Amino acid sequence: MSKPLFSFEFYPPQTPEGAEKLVAVRKQLAELQPEFFSVTFGAGGSTQERTMDTIRQIKAEGYNATPHLSCVGSTRDNIRNMLLAYKEMGIKRIVALRGDLPSGMASIGEFQYANELVSFIRAQTGMQFHIEVAAYPEFHPQANSARDDLLNFKRKVSAGADSAITQYFYNADSYFYFVDKCRKLGITIPIVPGIMPIVKFAQLARFSDTCGAEIPRWIRRTLEGFGDDSESIQEFGQDVVTALCERLLAGGAPGLHFYTLNQAAPSLAICRRLGI
Ligand code: FAD
């Protein structure tokens with residue numbers, strides 16, 4: 001088996017202090033020699049400038065910088081301009097997403113689904129970019145059915161995606177089942193599990209309800225039981241997530257992509273325990 005690949009995701013900081021803190025976070029995580037650092041893109045283009053600035057900065061620091069690009073609420077012209085800018089910066093990898101239309105934004109724009117964005121990127125820029133797409137082992141909350149969601153995932157792969165990163169999950173079986181189903185459908189691209197360290201319970205519960213990621217009952221009840229005891233939450237969270245990562249890697253996952261929430265310590269602690 002080839003060496004597992006690790007990557008870390010950030011959101012674009014909103015303040016100069018946040019940007020400064022993120023430089024320090026990157027420095028710490030860079031010690032693990034990750035494959036890339038990615039930067040999210042706010043729904044409807046709300047962070048376009050900040051995402052680009054952060055990507056420029058990561059590139060200037062000498063790391064592989066990977067922008068996320070979501071198409072909902074956007075136009076072909078706007079996406080084309082961003083692709084050109086990234087090409088000029090020498091960016092090699094993009095995470096291509098539909099995104100979610102922010103409340104109050106009326107028009108979905110010129111792209112409806114992520115597969116259309118993947119096709120557009122390929123048509124405009126050929127093989128310039130390695131294209132990552134999102135995958136959902138516990139299925140996307142808006143999918144009509146599990147089967148439809150899989151077929152829609154396949155559409156993105158047929159449109160030209162090179163690999164996928166999953167939504168986070170805490171049930172390794174959902175990942176293995178999903179990968180198995182994909183292989184049976186002839187989808188051969190690497191599918192890297194997205195890993196969300198457990199740091200704050202209320203925030204995690206809120207996120208999970210929105211994105212359809214399940215927190216298994218035993219984990220939820222244990223975390224609830226800790227109340228405000230953040231030390232116990234983090235200790236238990238590290239045990240649970242490290243065990244999950246170990247199982248995923250032992251079962252053949254090609255790497256791990258960490259949702260860092262712009263913090264180094266939680267991902268670092270898990271990676272150290274994994275011996276990375
Ligand atoms: P799609 O693949 O288009 O799927 C969306 C829904 O539509 C699914 O239910 C799917 O089954 C259905 N569907 C897809 N194609 C079709 C079709 N042709 N016909 C009918 N139904 C279809 N969000 C952000 O705003 N910014 C980010 O930076 C960001 N980064 C992310 C990174 C990762 C790794 C992941 C897993 C998610 C990320 N998200 C981000 C969240 C993501 O934008 C949302 O989950 C969004 O709701 C779906 O995006 P998608 O690209 O998966 O959409």
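**The ligand and its surroundings**

Tutor: This is a predicted model. An N or O atom in the side chain of Asn152 sits 2.9 Å from an oxygen atom of the ligand. The protein covers 86% of the accessible area that the ligand has on its own, which is 980 Å².

Student: How far is a polar side-chain atom of Asp149 from an oxygen atom of the ligand?
Tutor: Asp149 is listed with the residues closest to the ligand. A polar contact needs N or O atoms within 3.5 Å. For the Asp149 side chain and a ligand oxygen, the distance is 2.6 Å.

Student: Which residue has a polar side-chain atom 2.8 Å from an oxygen atom of the ligand?
Tutor: The cut-off for a polar contact is 3.5 Å. The side chain that places a polar atom 2.8 Å from a ligand oxygen belongs to His140.

Student: How many residues surround the ligand?
Tutor: The closest are Phe41, Asp100, Tyr136, Asp149 and Lys156. By class, the shell holds ten nonpolar, nine polar and five charged residues. The number of residues around the ligand is 24.

Student: Which element gives the most to the shell around the ligand?
Tutor: Helix H4 (114-125), helix H5 (146-158) and strand S6 (163-168) each supply at least two shell residues. The top contribution is four residues, and it comes from H5.

**The chain as a whole**

Student: How many helices and strands are there in the chain?
Tutor: The helices include H4 and H5, and S6 is one of the strands. The chain has ten helices and eight strands.

Student: What radius of gyration does the chain have?
Tutor: The C-alpha trace spans about 50 × 45 × 45 Å along its principal axes. A compact globule of 276 residues would have a radius of gyration near 19 Å. The chain agrees with that, at 18 Å.

Student: What share of the contacts with a separation of 6 or more joins residues 24 or more positions apart?
Tutor: Contact here means heavy atoms within 4.5 Å. Of the contacts with a separation of 6 or more, the share from residues 24 or more positions apart is 78%.

Student: What part of the 276 residues is buried?
Tutor: The accessible surface of the chain is about 13,200 Å², and 49% of that belongs to carbon and sulfur atoms. A residue is buried under 20% relative accessible area. Buried residues make up 49% of the chain.

Student: Is Gln33 buried or exposed?
Tutor: Gln33 lies in the loop between helix H1 (16-30) and strand S2 (36-39). Its phi is positive, about 50 degrees, although Gln33 is not a glycine. Relative accessibility is 69%, so Gln33 counts as exposed.

Student: What relative accessible area does Phe139 have?
Tutor: Phe139 is in the loop between strand S5 (130-135) and H5. Phe139 is not a glycine, yet has a positive phi of about 75 degrees. Phe139 is partly exposed, with a relative accessible area of 24%.

Student: Which residues does Gly109 contact, leaving aside neighbours within four places in sequence?
Tutor: Gly109 is in the loop between strand S4 (93-97) and H4, and is partly exposed at 31% relative accessible area. Its C-alpha is 9.2 Å from that of Gly44, 65 residues apart along the chain. With sequence neighbours within four places set aside, Gly109 is in contact with Gly73 and Ser74.

Terms used: Residues numbered from 1 in each chain as written. Predicted model: local features only at pLDDT ≥ 70, side-chain atom pairs only at ≥ 80, totals over all residues. Heavy atoms only, no water. Near = heavy atom within 4 Å. Polar contact = N/O pair within 3.5 Å; in protein donor to acceptor, adjacent residues only side chain to side chain. Areas by Shrake-Rupley, 256 points an atom, 1.4 Å probe, with all protein chains shown as cover. Nonpolar A, V, L, I, M, F, W, Y, C, P; charged D, E, K, R; others polar. Rg over C-alpha atoms; globule rule 2.2 N^0.38 Å. Buried < 20%, exposed > 50% of the residue type's maximum accessible area, 1.4 Å probe, protein only.
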